[in-house]
Amino acid sequence: MLPRSVLVFLSTLAVASAGPLRKRCSSVQPSATAPPPVATSPAEEAASPTLPLTGAATELPAANGTLKAIVVGHGIQNYTCSAAGANATSGGAVAVLYDITSLYTTLTEEQRAKLPVDLLHNTELPLNLAPTSNNKYAADVANPYKPDADVQLDGLSAPLKVLGRHYFDASGTPTFDVYGAGVLFKGAKLHNVKAPSTADAGIMNTGAVDWLQLNDKGFSVGLTETYRVVTAGGNPLACTEAQQSFSVPYASQYWFYD
């Protein structure tokens, strides 16, 4: 057995050695659990699409839900006139929706903005036009849609696939039947902002329709919000007589959130 004086010396040495060791461990631990922030790469940013902005002082409110799909719509905006010189009243819209969800992050900002413009100016309306009408672009009420067909745009490696249809139902509710994604949206306008002054004025040179935020009216399936952004064309003509009606071709992006 060791003498008591030796045991006391060894015990004191162990305590003295243990103190600094604990301090070194505690000083290393924070840097191990809280590393410095890492900058987000362009690829990581592109993986999370961001709702476009007009660049004006007032923008549409931010979305509350999770992005479900991004489409580009191509069709017509319908209008009627109560009198000559009056402001045209919206009579709804008819459009076909093409899926760009997976394509979106592979394009440059300029290419994304051009999608509605290219659809509007370089492809035929995907609608059956009324057989007899003074309204050049009016859709056939009984059968407005052509059979679903993909559309090829210059500069894209693959055609855009049809994802759904946009129309106003019998009660005048904006409806988006996005059957390709298994969802349906019936909404009401919450907010609108003017399209940028640089937006494409459209085939009839009337200007681009407003950007919109629409909220679920309570009859939607799988969606809570819809945004109409990056618009091209669609604004009304001037009213020259009472009971006048006309349709104006347009295209835009639509962003759907659940």
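Predicted model: local features only at pLDDT ≥ 70, side-chain atom pairs only at ≥ 80, totals over all residues.
1. Start with strands E1 and E8: they run antiparallel and are joined by 13 bridges. Strands (E, at least two residues) and helices (H or I, at least four) are DSSP runs, numbered from the N terminus, and two strands pair if DSSP finds at least two bridges between them. On its other pairing, E1 is linked to E2 by nine bridges, again antiparallel.

2. Residues are numbered from 1 along each chain as its sequence is written, and side-chain values use heavy atoms, with hydrogens and water left out.

3. How many helices and strands does the protein chain have? There are four helices and eight strands, and along the sequence they come in the pattern α-α-β-β-α-α-β-β-β-β-β-β.

4. E1 is well worth a look for its cover. Here buried means under 20% relative accessible area, exposed means over 50%, and partly exposed is in between (1.4 Å probe, protein chains only). Of the 14 residues of E1, 11 are buried, so the strand is largely enclosed by the rest of the structure. E7 is mostly covered too, with nine of its nine residues buried.

5. E7 has its own pairings. Seven bridges join E7 to E8 in the antiparallel sense, and four join E7 to strand E6 (residues 211-216), also antiparallel.

6. Next, the disulfide, meaning a pair of cysteine sulfur atoms within 2.5 Å. By this rule the count comes to one. Cys81 and Cys239 make the link, with their sulfur atoms 2.1 Å apart, and it is left-handed, at -80° about the S-S bond. Why does the pair tie together parts that are 158 residues apart in sequence? Because Cys81 lies in the loop between E1 (67-80) and E2 (89-99), and Cys239 in the loop between E7 (225-233) and E8 (245-257). Both ends are tucked away: Cys81 is buried at 4% relative accessibility, and Cys239 is buried at 7%.

7. Now the inside. A nonpolar core is a set of buried Ala, Val, Leu, Ile, Met, Phe, Trp, Tyr and Cys residues joined through side-chain atoms within 4.5 Å. The largest one has 32 residues, and Tyr98, Leu160, Val229 and Trp255 touch the most other members. The elements giving two or more residues to this core are E1, E2, helix H4 (109-122), E7 and E8. Apart from it lies another core, of 22 residues, including Val71, Cys81, Leu212 and Phe246.

8. Zoom in on Trp255. Contact means heavy atoms within 4.5 Å. Leaving aside neighbours within four places in sequence, Trp255 is in contact with residues including Pro49, Leu67, Ile70, Tyr104, Thr226 and Val229.

9. Finally, some whole-chain numbers. Of the 258 residues, 37% count as buried. Among contacts between residues at least 6 apart in sequence, 66% join residues at least 24 apart. The accessible surface (Shrake-Rupley method, 1.4 Å probe; for residues, only the protein chains shown count as cover) comes to about 14,500 Å², with 56% belonging to carbon and sulfur atoms.
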